[in-house]
Amino acid sequence: MSLKHNGASSTCVVEPLELQHMSGLLSHPREAKLATSRDSLHMTEPQGTKLDHDLDLAENLPSPTTQAAQKLERWNHPRLNMWRTLAAFWSFVVMGSNDAAYGALIPYLQQYYHLTFLVISLVFLSPLAGYTASALLNNSIHLKFGQRGVAVIAPGCHLIAYIIIAVHPPYPVLVVIFMLAGFGNGLADAAWNAWIGNMANPNEVLGFLHAFYGLGAVLSPLIATTMITKGSRMPWYYFYYVMIGMAAIELATSVSAFYKATGAVFRANNPRTTDTKDNRMKEALVHLPNARVTWICALFLLGYVGVEVALGGWIVKFMLEVRSGGDFASGMTATGFWMGITVGRLVLGFVTPKLGEKLAIAIYLPITMGLELFFWLVPSFYVSAVAVALQGFFLGPLFPAAVVAATKLLPRHLHVSAIGFAAAFGGSGAAIFPFAVGAIAQAKGVQVLQPVVLALLGVILMLWLALPRIRKKTE
């Protein structure tokens, strides 16, 4: 083997004599890939030199012109994936519980801290800083620390945030701490969506992943409302003792499952396949045609998550004040909405791939808009409760379908960068639009929820139709 030096980089030339050595590895392509990766690293860097001065080792090397077809991993194969998938499912339970708790707790936070609509809406806006930071840092964390880094940082942020909230600090401190919870949510959301989106049968597995988010969102307002309104009528912050326990389990399961998923493993499994010298995030956000897909998916998820959390977050207040419901019954409408999302993700997760993602979502969204009109225009508590639950059912598969669409439209090495950015950017919709509803409600009343949601549904339908044609994923 000989080395040819070209400027600051070295190029490896494999002589014919090396072919005998390599042929022994062909029956084990994964081992061959890792072995050649390790060998090339030893050849291109002097002994003892640190290699993480540039996190993505492939960033400064020529891109491979051909890449062997890889058989997609499954959720239960290799066997370790089963435990990792279950850990990701539990992480989404915690995330769903985190997001849905706001809607159930807002009336009691408002009363406890003596706040206006505008000021209480800051609990929705504050996670925006966390989501933004996670969108920018997600790719770097993967390249340096791998999925192990996500498994430590995201649950750690949840745990610290919930411990501080449980001691019910002054309201400004509470707003800042919700930023930390938002960072944990954005990081885990991006990482586990990108990982599962690359598996075989991604619609079905992502459907289950997001159904667990919905499960957490169902349980959270149910537990919080029951603790506050029934029996001994506990203070609102007692609910966060439950969240502390859930976050502790998340930390233990995530770290144990993903401990071996280091940065080196991530870089070996996700080599560059294009010749650009830009880093992966810039390639995903600036270079066409990939940038078009990334930004459409990001804006679609921004609007979708805005609809989801605005409905889930303000439905209790709307049912109390506009539909004149009781405390417990109004709280249960939020549970019905999140239950609809959960069931929709489980059921429609099997329907969507049969129709194709592009057609399926183009059908689900107009149905959701029709249900929103029923919710808005029929002034009945029971009609509103049923309509919002059915809206949840048809909204459920939208997020998983957008992730699958991105994996089919983008090259593999951009999946973590692009899907991570889109998921985290979309997660900021959970902050922006519910806050906007609260700010407008300060002047016009909480009934502004309905036209805002209907307009958002129309916008995300147009964005979805602007995506390129989606090809079938090779398995």
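**The largest cavity and its surroundings**

Modeller: The lining of the largest cavity has seven nonpolar, two polar and four charged residues. The model is predicted, and the cavity comes from a search of the whole structure that finds five cavities of 30 Å³ or more. The largest cavity holds about 110 Å³ of space. Its lining consists of 13 residues, and those nearest the centre are Asp99, Asp189, Tyr213, Glu308 and Phe399. H3 supplies the largest share, three residues.

Glu308 leads from the cavity to the charged contacts. Glu308 is one of the residues nearest the cavity centre, and its side chain also meets that of Arg345 in a salt bridge, with 3.1 Å from N to O. Glu308 belongs to helix H12 and Arg345 to helix H13, so the pair ties together parts that are 37 residues apart in sequence. With a relative accessible area of 3%, Glu308 is buried; Arg345 is buried too, at 2%. The cut-off for buried is under 20% relative accessible area.

The count of salt bridges comes to three. Another of them joins Lys317 and Glu321, whose closest N and O atoms are 3.4 Å apart. These two residues are four apart in helix H12, so about one helical turn separates them. Lys317 counts as buried at 11% relative accessibility, whereas Glu321 is partly exposed at 46%. A further salt bridge is formed by Glu357 and Lys408, with closest N and O atoms 3.1 Å apart. Glu357 lies in helix H14 (residues 357–377) and Lys408 in helix H16 (residues 398–409), so this pair links distant parts of the chain, 51 residues apart. Both ends count as buried: Glu357 has 4% relative accessibility, and Lys408 has 11%.

A nonpolar surface patch of about 460 Å² is made by Phe208, Met339, Val343, Leu346, Val347 and Phe350. Helix H13 (residues 327–355) gives the largest share of the patch, five residues. Leu346 is in helix H13 and is partly exposed, with a relative accessible area of 30%. Arg345, by contrast, is buried at 2%.

Two loops deserve a check of the backbone. Most residues other than glycine have a negative phi. His114 has a positive phi, near 55 degrees. It sits in the loop between H3 and helix H4 (117–120), and at 70% relative accessibility it counts as exposed. His168 has a positive phi as well, about 40 degrees, although it is not a glycine. The loop that holds His168 runs between helix H6 (127–166) and helix H7 (171–197). His168 is partly exposed, with a relative accessible area of 28%.

To return to the cavity, H3 gives three residues to its lining, and the loop with His114 lies between H3 and helix H4.

Technical notes: Residues are numbered from 1 along each chain as its sequence is written. This is a predicted model: local features need pLDDT of at least 70, side-chain atom pairs count only at pLDDT 80 or more; totals for chains, interfaces and linings use all residues. Side-chain values use heavy atoms; hydrogens and water are left out. Patches are made of residues with over 30% relative accessible area and no salt bridge: like charges are joined within 9 Å, nonpolar side chains (Val, Leu, Ile, Met, Phe, Trp, Tyr) within 5 Å. Accessible areas come from the Shrake-Rupley method with a 1.4 Å probe; for residues, only the protein chains shown count as cover. A salt bridge is a side-chain nitrogen of Lys or Arg within 4 Å of a carboxyl oxygen of Asp or Glu. Buried means under 20% relative accessible area, exposed over 50%, partly exposed in between (1.4 Å probe, protein chains only). On a 1 Å grid over the protein atoms alone, a cavity is a set of points where a 1.4 Å probe fits but cannot get out, and a pocket is an open set with protein on both sides within 12 Å along at least five of seven lines; lining residues have an atom within 4 Å of a point. Grid points are joined across faces, edges and corners, and a volume is the space filled by probe spheres set on the points. Ala, Val, Leu, Ile, Met, Phe, Trp, Tyr, Cys and Pro count as nonpolar, Asp, Glu, Lys and Arg as charged, and the others, Gly among them, as polar.
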